[in-house]
Amino acid sequence: MNIGSKIGAAVLAIAITVGGASAAFAGGNSNPTVDGTSAGRHHLTVEQVCANKDQIVAKLTEHQTKLTARIAKMTELSKQATTNGHTERAAKIDARIAKAQARLDKVTARIAKAPEWIAAHCS
C-alpha cells in the first residue's frame with residue numbers, strides 16, 4: 001500500500017466520522033426530558049397551555065400594543081421620508097408597515113379566539 005492510498009483512506013475515515021457525527025447532532029434528541037418536553041423544537045400540549053391560561057390574553061394584548069406603537073412610529077417615518085423626497089426609503093418603510101399590519105391582524109384574531117378556545121379546552 002503506497003502513501004497516497006493511506007492518506008486517501010485516512011481522509012475517507014475522517015469524512016465518514018465527521019459526517020456521521022454531524023447527522024447525529026443535527027437529528028437532536030427526540031427523547032422527552034423530565035418535564036415531558038423534548039430537547040428539540042416542540043409544540044406545547046393542551047395541558048401545558050391550560051396551565052398558563054391566565055397569561056395568554058395578557059401576553060397577546062401586550063404584543064398587540066407593541067405592534068400598534070411600532071406601526072404608528074413607522075407611519076411617521078414614512079411620512080417624513082416622503083416629505084424629504086426619499087421615495088425609495090418610504091417604500092421600504094411602507095413594506096415593513098404592511099408586514100407589521102399582517103402580524104397585528106393575526107394577533108387580533110388570536111385575541112378574539114382565545115377566550116372561546118380556553119373555555120373549550122381548559123375546564
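1. A definition to start with: the expected span of a helix is 1.5 Å times one less than its number of residues. Keep that in mind for α3, where 31 residues should span 45 Å at 1.5 Å a residue; the end C-alpha atoms of α3 are 46 Å apart, so the two values agree. Bear in mind, too, that this is a predicted model.

2. Now the overall picture. The protein has four helices and zero strands, and reading from the N terminus the order is α-α-α-α. Of its 123 residues, 15% count as buried. The protein exposes about 9600 Å², with carbon and sulfur atoms supplying 60% of that area. As for contacts between residues at least 6 apart in sequence, 57% of them join residues at least 24 apart.

3. Where does α4 have a kink? Look at Lys113: the kink there is about 40 degrees, and it comes shortly before the proline Pro115.

4. Which residues of α4 are buried? They are Ala90, Ile93, Ile97, Ala100, Leu104, Val107, Ile111, Ala114 and Ile118. If you wonder about the spacing, an α-helix has 3.6 residues a turn, so residues three or four places apart point the same way. The buried residues of α4 pack against α3, residues 53-83.

5. Seen from the other helix, α3 has its own buried set: Leu60, Leu67, Ile71, Met74, Ser78 and Ala81. What covers the buried residues of α3 includes α4. After α3 comes Gly85, with a positive phi near 85 degrees.

6. Thr61 and Thr108 are 47 residues apart in sequence, yet 8.3 Å apart C-alpha to C-alpha.

7. Side chains of opposite charge can pair when their charged atoms come close. Here the partners are Glu62 and Lys66, at 3.4 Å from N to O, and the cut-off for such a pair is 4 Å. Both residues lie in helix α3, four residues apart, or about one turn of the helix. Is Lys66 buried or exposed? Lys66 is exposed, because its relative accessible area is 53% and exposed means over 50%. Glu62, by contrast, counts as partly exposed at 38%.

8. Last, a point about the surface. Ile3, Ile7 and Val11 make up a nonpolar patch with about 310 Å² of accessible area together. Val11 sits in helix α1, which covers residues 3-27. The relative accessible area of Val11 is 53%, so Val11 counts as exposed.

Note on methods: Residues numbered from 1 in each chain as written. Predicted model: local features only at pLDDT ≥ 70, side-chain atom pairs only at ≥ 80, totals over all residues. Heavy atoms only, no water. Bend = angle between axes of the 7 residues up to and from the residue. Helix = DSSP H or I, 4+ residues; strand = E, 2+ residues; numbered from the N terminus. Buried < 20%, exposed > 50% of the residue type's maximum accessible area, 1.4 Å probe, protein only. Contact = heavy atoms within 4.5 Å. Patch = residues over 30% accessible without salt bridge, like charges linked within 9 Å, V, L, I, M, F, W, Y side chains within 5 Å. Areas by Shrake-Rupley, 256 points an atom, 1.4 Å probe, with all protein chains shown as cover. Salt bridge = Lys/Arg side-chain N within 4 Å of Asp/Glu carboxyl O.
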